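The following paragraphs accompany the sequence and the model shown below.

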Amino acid sequence: MIEVVPARSWLRWRVVGSTVAVTLVAMAALTILVQAVLATAVTSDVRGVLRARADAVASTITVRDGRIVARETPTDTLDRTAWIYDDAGRLVEGPAGSSALQAAARSLAVGLTGARSPRTVDVADSRLLARAVTVRSGDRAVVVVAESLVPYERTERYALIVGLVLGSIVVVGSAAVAWWSIHRALEPVAAMAARAREWSEHDLDRRFDLGPPQDEITALGQTLDGLLARVAEVIRSEQRLSQEMAHELRTPLTAVRAEAELAQLEPDLSDRTCESLARIVDASDGMAAAIATLMALARSAGSPGRAQVGSLLASVADGWGERAPVVVGPVPDQLAVAAPAELVERALSPLVENAVRHARTRVDLVVELALHSVLVHVRDDGPGTGDGDLEELFRPGARSSASEGAGLGLALARRVARSAGGDVTAVSSDDGGHFVLSLPQA
């Protein structure tokens, strides 16, 4: 039997991954939206500050002795970040120098006296606004004001950092909540899977018993319990039918064999008749063995049992004659399988008989320990199974043209092994036949 190894919970990873992906996209979109709204708000605030500052500077402009002059500004900030130019482009008031900010202010002021709309430009982490002003005397001037963008950019940067940190916390938190939720939701499923791995095919009375349906999972458990009950009833009906048919067939089969043996005692029988009667006896023996196997299956249903591997192999290997002696390899002391001894013998005997029939000189029985299982390798030095369809060997009635059997031995061996929680498999080989009987270790 192939051991069932719990696979990774890909469903859980898919659900958590989907939750993380959706949350990540949502937080990224929210961060972009917040940054866009914040950038728009910053632009509007800077524009408002520049307009208010330009109005404050414009209110200080006057004409004295035919020249445009500026009164004292109420704050030093206006003195440091405001320029006033006359219509000829001469600096009337404001910080002088050759910095990039002052050069940009002069460039904005040139030719703006006749323009109606203000101009803006960004220079050296600052935004400049230039606006034409008309004095009461009719003279025109240009007011240029500047506002540093560093505080606003710092605010946007802090908002981005906070958004990224908050988004990371939300994504990690949503992943943790999704993991916990799916773990709680799938906990009954994990329990069902663990119980199912502990059951074998003959444990007909085991149920999940998750209690009254409270959600979709527990409702599924109740549905599966009902399904298991119906399957158990079908299997029991099949077992009863097999036992009854086997019991009914034993008497006429015994009579057929007895009649064939009596006919063999008649004198003056031809060689062909003797061969036909011998084949009838052999076929009767094969049918009797199959019937005995079916009855053993029916009787052992639901009975786990325990059998010592060493004594069983010795019993099966004994009495096959000198044509192909069966050699049993080393067997660990007290090694046992969780199956009735009768079933183990019924599963192993057809494999040994098949190996003896095809072997040239010997048959080897080798015991191997696997994870929770005992593997019995049955090897012979015959022609081997080749590269054909190995599963075809276990189809009831399948046999080679040279075989004299009914083609039921391997099929019955697999059925018996599976009823005991094991399996029978064939190994492709050109160097002799190779079959493996696996049974649960006790």
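This is a predicted model: local features need pLDDT of at least 70, side-chain atom pairs count only at pLDDT 80 or more; totals for chains, interfaces and linings use all residues.

Helix axes are lines fitted to C-alpha atoms over the stretch in contact, and the angle between two of them runs from 0 to 180 degrees between N-to-C directions. With that convention, the axes of α8 and α9 come within 8 Å and cross at roughly 150°. Since angles over 145 degrees count as roughly antiparallel, α8 is therefore roughly antiparallel to α9. The crossing of these two helices is left-handed. On the α8 side, the contact is made by L343, R346, A347, P350 and L351, and on the α9 side by G409, L410, A413, V416, A417 and S419. Sorted by class, the contact of α8 with α9 has 8 nonpolar, 2 polar and 1 charged residues.

The secondary structure comes to 9 helices and 14 strands. Among the contacts in the chain with a separation of 6 or more, 61% are between residues 24 or more positions apart.

Which strands form the open sheet, and in what order? Its 5 strands follow the order β9-β11-β12-β14-β13, and their pairing is mixed. The edge strands are β9 and β13 (residues 423-426), each of which pairs on one side only. Neighbouring strands of this sheet are turned by 20° against each other on average, direction ignored.

Helix α8 (residues 341-358) lies across β9, β11 (363-370), β12 (373-380), β13 and β14, and runs at about 20° to β12. Helix α9 (residues 409-419) lies across β13 and β14, running at about 140° to β13.

Helix α8 also has α7 (residues 309-317) as a neighbour, the two axes coming within 10 Å and crossing at roughly 45°. An angle under 35 degrees would count as roughly parallel and one of 65 to 115 as roughly perpendicular; α7 and α8 are therefore oblique to each other. The crossing of α7 with α8 is right-handed. Here L312, L313, S315 and V316 of α7 meet A341, V344, E345, L348, S349 and V352 of α8. This contact of α7 with α8 has 7 nonpolar, 2 polar and 1 charged residues.

Two local features remain, each with a positive phi. The loop between β9 (326-328) and β10 (336-337) holds Q334, which has a positive phi of about 60° although it is not a glycine. Is Q334 buried or exposed? A residue counts as exposed when its relative accessibility is over 50%; Q334 is therefore exposed, at 65%.

The other feature is found in a hairpin. Strands β1 (residues 61-64) and β2 (residues 67-70) pair in the antiparallel sense over 4 bridges, and R64 stands opposite R67 in β2. The hairpin formed by β1 and β2 has 2 residues between the strands, and D65 in the turn has a positive phi of about 60°.

Terms used: Residues are numbered from 1 along each chain as its sequence is written. Side-chain values use heavy atoms; hydrogens and water are left out. Buried means under 20% relative accessible area, exposed over 50%, partly exposed in between (1.4 Å probe, protein chains only). Two strands pair if DSSP finds at least two bridges between them. Contact means heavy atoms within 4.5 Å. A crossing is left-handed if the near helix is turned anticlockwise from the far one by less than a right angle, and right-handed if clockwise. Ala, Val, Leu, Ile, Met, Phe, Trp, Tyr, Cys and Pro count as nonpolar, Asp, Glu, Lys and Arg as charged, and the others, Gly among them, as polar.
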